[in-house]
Every structure is written in C-alpha cells, then in structure tokens.
Amino acid sequence: MTGSLVLGVDVGTSSTKGVLVERASGTVLRTAVRAHEVSRPRPGHVEMDPCVWWTEFREIAGELLLSAAEGRVEAVGVSGMGPCVVLTGDGPAGAEEPLRPAILYGVDTRATEQIARLSDELGAEAVLDRCGSSLSTQAVGPKLAWVAEHEPAVAGRARRLYMPSSWLASRLTGEYVLDHHSASQSVPLYDSRALEWYEPWARHIAPRLELPPLRWPGELAGAVTARAAEQTGLPEGLPVITGTVDAWSEAVSVGAQRPGDLMIMYGTTMFLVATTGERLTAPNLWGTLGAYPGTRSLAGGMATSGAVTEWLRGIAGAPEHGELLAEARRSGPGARGLLMLPYLAGERTPIADPDARGVIAGLTLEHTRGDLHRAALEATAHGVRHNIAALRDAGADLRRIVAVGGGTQGGLWTQIVSDITGMEQEIPSVTLGASYGAALLAAQAVGEADAARWNPVRELRAPDPALRERYDRLHRLYLDLYPATRPVVHELAAWQRGLGRPQ
C-alpha cells in the first residue's frame, strides 16, 4: 500500500453514489452506485426509508474497498439530499430506529397549512430576518409541525433529528451531530445571524426534540466504531467528517466557493448555489450558510429537472438516453413550437408554489417524443434563467458559473442552458458531484487538498448569440404561461389531493 485515499459517499434522490479518490491528486480510482426510488404514498408526500441509506453505504464501501492495492483510506466524507426530516427515539438503540420514513426536502409539499400557520404565528418578516429564508416546502419546521398534528404518537416519541449526511455519520461514529449549513436550512429552528439553534422557535414547534450539536461540514463528526468497522469493512478509528447537503457538497467539488461564483447542479432536481460576500435574503430564495466557516450563500432550487426527462423517457418506452438526446438535438431550438412548464412536482424557487403543475403548450399531432424531450430540457433552462434573475434581483453578483452533476454529460443540456441564459458555463474535469465533494472535504480534514488541483476546468460552454433573440422571446412566453394557467392548475391540484372537484 503506497497511497493515501479518501472515500466519499452521497445519498441522492434517485441513488447513492460512492467514490474512492487519491487524496493528493484528486484522481478518481473507483466509483459505485446503488439506485433507489422514493415513495409517494399520497400527492405531495415524498419519503424514503433511511435504513436503505445505511445498507447502500455498506454495499458501496465494500465494493470500493474490494482491493486495497492503491493505498490506505485516511478519511470518510458523507453528504446527502436535504434538508430532510428523519426522526428517531433516544438512547443508543432508539436512535438507530427511524420512527417513520424520512420526509424529503422541498419536493415534499405536505406542510402547506403549517407553513401558513407558522408564518402567521412567528411573523414572516421575522423569520426571514432571523433565519435568512422564509418558511417554504424546503423548511424543516413546518414538516415537524405536520408530524405533530397528523402523527402525534410519532412526535411524542421523537427525540432526535437526522438528515441523510448526519444519519450516515451517526451510523459510522455513534455521534449525534449536524452541520451548520444543514441547520441553516432547518427554518425556523436556526438563527443564521448568531450561528446557533434558536431555542424559542424550536421549542414552539418540537418541544421534545433534542437538537444536535453543530459543526461545520468539514469538521470531524468522530471515528468509525468497532461495530461500524465490522459492518462496512472500514478500519476502526477512521476519521469521518460531519458532511452536509448534497448541493453544497457539489459546490465544494468544483471549487465554487468565492463571492461571484454560481454552481448549477444538473440532477434529478436542479439546484443553484451562489456564494455571496455578504448575508443576502429574499423571500423567494434561500439564504444559508456555506460549506466553510465564514461563507454565505443564496440559493434556489427547482423541484424537478432530470425527473421530468426521466418521466418522459419512461412513458416513451424507456429508450436509451443517447437516442433521446439525439432526437432532442434534431428537434432544434424552440422544440418546433413547444413550450413547457416543468412544475410536475410543484415548484420551489422562485415561485414557491407547491400547487404549480406541469404544462405543455403548443402540442400538436405532428410533435414527436424528441420534441417533448427538447421542450423539457428547455423548460429547465428557462427555470434556471428565472432563478438567476431572482438571485440578481436579491443582490447576488454572478460572475462565474460552474456546472456539475450527471446532466452535464452529452453536452446538449448545458448548451441549452447557456443559450437560454446567455451565460458561459465552466465544465470541470470531474462532474461526479456531491460524493466527490464529500471526499474533498474529508481530504481537507486530514491534510491539504485543493479543489483547483483536484478538479480543473475541462471545457467552456458558451452561448450561441444567433439564438439570443429567439430564446428571449420564448422566455417572455415562459414567464407569462405560469400566471395564465395558475387558476386552472391550482384547482386541479386541489382535486388531486382529494380536497375538491372541478366545477
């Protein structure tokens, strides 16, 4: 064994990914993936069994460590989708057993009534000022309130709150901790000015909950226990970082950590993280702490992106991805007169409307699945442009865009985003995303590791100026389409929830 290695594992919406990396150079030695699916037991409810995450971590660790010829693992990094709500009881045994499935981040829209009630009780402006974000489907507090109202037996037994990253860290180390960034998305439980839990509001919403001690994502949560070593094959005593939410780990993976940097994450959902030089807030965006001490960010997130294209692929008979991309490329800019709203799971930012729904405008018998696929890609790009405008309106100075995630492969999607936004994107050498960022944070925790050396820019994606006028016109139509269809889709959304019927 000659080299020093780090292991990074990320729990995502559609899969758990792991990566084994050479610590000094950032060279990826092996990767492993375990696909999984979320549960949607009712409209607006999106859940997962947290025990699946630990099972997948164990399988991935075993696969990546099958051969130790490259060197010795020095640290483990973890990250995951979020903010999520995993509730357990107390005590060594109780903390390992979830009391109910995890309630996922902003794609789960069940707590709309609690959002409205808490906004009235606490004061919407007061929440934004103290927490940096408004109460929304992304916030943890309303989901805890929903559990208290709809599942009082669970709420009565709940003592600990986990997210995917802290769940893995706890299974590995036995420590109950959470990172400051994840806490800053736990609105309204966290004071983003004081950098600590805000006890009055936390007790108001979840009086029995023991809030976890706070650390920064790259700080150590603890070391691998003897029991975890036996289950995973990792050596006992191995350092494990606290970890954080996947999008911020992705931003770490591409070095988007300076004021003026914007990371766009192409995945099942679309996420945008702007690093800011000062604390910025906006009611339709998320003002949070960054991944490193002293950093702040302003972020947006779409409820769907790759989820829409996968849905279309499924109803089209599940053709190969390359085949669909080729057909979408042939469709051409504007998708032969199709315009789509990608709100198939409601929408997070900037419209913050859980009752928004997908719309396809201009559909004719002549349109093909390639046109629909192109329209979906363009819809997400229009959503990115909408979010960029909101970030700028809130004061974010956006000078550099870095793209990351599985959707960067193939080139078409990133090109469409550049064409529609009019902005150049950097494509780094490694676009694995959050698992790679978790590995980088782990490497930095035990030694020196630099994002620029690990992951240099591979290519630039520049907008085509010849398409600017066409896409500007289509974007105006995109912005008009939502308010024009909102009354109809809201009534349909209520019908879907079983709360009413179309008149």
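The model is predicted: local features need pLDDT of at least 70, side-chain atom pairs count only at pLDDT 80 or more, and totals for chains, interfaces and linings use all residues. Residues are numbered from 1 along each chain as its sequence is written, and side-chain values use heavy atoms, with hydrogens and water left out. The structure holds 26 salt bridges. The cavity count is 3 at 30 Å³ or more.

**Annotated domain**

- The unreviewed UniProt entry carries the annotation "domain: Carbohydrate kinase FGGY C-terminal" for residues 262–445.
- UniProt positions follow the numbering used here, feature names are shortened, and annotations may be inferred rather than shown by experiment.
- Residues 262–445 are 37% helix and 21% strand. The end C-alpha atoms of this span lie 24 Å apart.
- Helices (H or I, at least four residues) and strands (E, at least two) are DSSP runs, numbered from the N terminus.

**Salt bridges**

- Side chains of opposite charge can pair when their charged atoms come close.
- A salt bridge here is a side-chain nitrogen of Lys or Arg within 4 Å of a carboxyl oxygen of Asp or Glu.
- Arg 400 pairs with Asp 261, with the closest N and O atoms 3.0 Å apart. Arg 400 lies in strand β22 (residues 400–404) and Asp 261 in strand β16 (residues 261–266), so the pair ties together parts that are 139 residues apart in sequence.
- Both Arg 400 and Asp 261 are buried. Buried means under 20% relative accessible area, exposed over 50%, and partly exposed in between (1.4 Å probe, protein chains only).
- Glu 323 and Arg 369 form another salt bridge, at 2.7 Å from N to O. Glu 323 belongs to helix α13 (residues 321–331) and Arg 369 to helix α14 (residues 369–393), so this pair links parts that are 46 residues apart in sequence.
- Glu 323 is partly exposed, at 37% relative accessible area. Arg 369 is partly exposed too, at 30%.
- Glu 459 and Arg 458 meet at 2.3 Å, N to O. Glu 459 is partly exposed at 27%, and Arg 458 is partly exposed at 42%.
- Glu 47, Arg 100, Asp 108, Arg 110 and Glu 151 are joined in a network of salt bridges.

**Cavities**

- Rolling a probe the size of a water molecule over the atoms shows where empty space is left.
- A cavity is a set of points, on a 1 Å grid over the protein atoms alone, where a 1.4 Å probe fits but cannot get out; lining residues have an atom within 4 Å of a point.
- Grid points are joined across faces, edges and corners, and a volume is the space filled by probe spheres set on the points.
- The largest cavity has a volume of about 50 Å³.
- Its lining includes Trp 248, Gln 257, Thr 275 and Arg 296.
- Helix α11 (246–253) and strands β17 (270–276) and β19 (296–302) each supply at least two residues of that lining.

**Surface patch**

- Trp 311, Ile 315 and Leu 344 make a nonpolar surface patch of about 300 Å².
- Patches are made of residues with over 30% relative accessible area and no salt bridge; like charges are joined within 9 Å, and nonpolar side chains (Val, Leu, Ile, Met, Phe, Trp, Tyr) within 5 Å.
- Accessible areas come from the Shrake-Rupley method with a 1.4 Å probe; for residues, only the protein chains shown count as cover.
- Ile 315 sits in helix α12 (residues 306–315). Its relative accessibility of 58% makes Ile 315 exposed.

**Backbone details**

- The peptide bond from Gly 82 to Pro 83 is cis, with omega near 0°. Pro 83 lies in the loop between β5 (71–80) and β6 (86–88).
- Val 187 and Pro 188 are also joined by a cis peptide bond, with omega about 0°. Pro 188 is in the loop between α8 (180–184) and β10 (190–191).
- Arg 336 is not a glycine, yet its phi is positive, about 50°. Arg 336 is in the loop between α13 and β20 (339–341), and is partly exposed at 45%.
- Ala 352 has a positive phi near 50°. Ala 352 is in the loop between β20 and β21 (359–361), and is partly exposed at 47%.

Technical notes
On a 1 Å grid over the protein atoms alone, a cavity is a set of points where a 1.4 Å probe fits but cannot get out, and a pocket is an open set with protein on both sides within 12 Å along at least five of seven lines; lining residues have an atom within 4 Å of a point.
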